[in-house]
Amino acid sequence: MADPIHQFEIVNIAPLVKLGATEIQLTNSAVFMMASVAVTAFLMVGTTAGRQLVPGRLQSMAEVTYEFVADMIRSTAGEEGMRFFPLVFSLFTFILFANIIGIIPYTFTVTSHIVVTATLALLVFFTVIGYGLYAHGLKFFSLFVPHGIPGYILPFVVLIEIVSFLSRPISHSVRLFANMLAGHITLKVFAGFVAGLGGALGAIGWIGGILPLTMVTALTALELLVAFLQAYVFTLLTCIYLSDALHPGH
């Protein structure tokens, strides 16, 4: 049975730059990140360059994606949140296509690595802090002081709010990473059962492999749903956090 963890190994493909003793390599992770960006660019630029009054399928997909993200921002952060639309839309489409590409056999799922998801989460985290201080100055810290809290427990509530705020990048990144990692390991394990039974028991094994093969098919469909849901959840949380930067006193 194939090692279910082997699919997450980062492999060097070609050297790019050497800085002293450090050599920067083109890896499979970088290749599939660029593939996700390319698919997003094709969807939004390629399908709308010759846009028509009556859109075709691809143009409709691009327009629906745009409206979906825009409605998400407006419903969570208000109309002011649309200033962050490029960031939120880029995060949603990058994560979505990275997740979907990773389901294709012999590809690589970049969102199954905590370094990738943590980088995206920290980007959101520092954007919230940076814009909050830029727009509101020290009033941004009113985010940690909820209204109507009695004075004798206020220090404890403020401490809890600060810890909760600082833990956002952890929960934000681990949720996406853990779901993609667990899903792909499960797929690999059941696929290994199919190959293992067939190789060990011949025709009888292949008959016995029908059940795990059915599970692989069902799990693949579930992974497609999870790919969208995880992109949606990550983006929705991003909008909620950005709303705190826009309205820290609410």
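The model is predicted; local features require pLDDT of at least 70, side-chain atom pairs count only at pLDDT 80 or more, and totals for chains, interfaces and linings use all residues. Residues are numbered from 1 along each chain as its sequence is written, and side-chain values use heavy atoms, with hydrogens and water left out.

The chain contains seven helices and two strands. Helices (H or I, at least four residues) and strands (E, at least two) are DSSP runs, numbered from the N terminus. Their order from the N terminus is β-β-α-α-α-α-α-α-α. Of the 250 residues in the chain, 37% are buried. Buried denotes under 20% relative accessible area, exposed over 50%, and partly exposed the range in between (1.4 Å probe, protein chains only). Among contacts with a separation of 6 or more, 67% join residues 24 or more positions apart. Contact means heavy atoms within 4.5 Å.

Helix H3 spans residues 85-103 and helix H4 residues 114-136. The two pack at an angle of about 170°, with their axes 12 Å apart. Axes are lines fitted to C-alpha atoms, for helices over the stretch in contact, and angles run from 0 to 180 degrees between N-to-C directions. H3 and H4 are therefore roughly antiparallel to each other (angles over 145 degrees). H3 contributes Leu87, Leu91, Phe94 and Ile95 to the contact, and H4 contributes Leu120, Leu123, Val124 and Thr127. By class, seven of these residues are nonpolar, one is polar and none is charged. Ala, Val, Leu, Ile, Met, Phe, Trp, Tyr, Cys and Pro count as nonpolar, Asp, Glu, Lys and Arg as charged, and the others, Gly among them, as polar.

Tyr106 lies in the loop between H3 and H4. Its phi is near 70°, a positive value in a residue other than glycine. Tyr106 is exposed, with a relative accessible area of 85%.

His172 belongs to helix H6 (residues 168-208). This histidine is buried, at a relative accessible area of 2%. Its side chain reaches the backbone oxygen of Phe234 at 3.1 Å. Leaving aside neighbours within four places in sequence, His172 contacts Ala121, Val124, Phe234, Leu237, Thr238 and Tyr241. Val124 is also one of the H4 residues in the contact with H3.

Key
Angles under 35 degrees count as roughly parallel, over 145 as roughly antiparallel, 65 to 115 as roughly perpendicular and the rest as oblique. A polar contact is a pair of N or O atoms within 3.5 Å; within protein, one must be able to donate a hydrogen and the other to accept it, and residues adjacent in sequence count only if both atoms are side-chain atoms.
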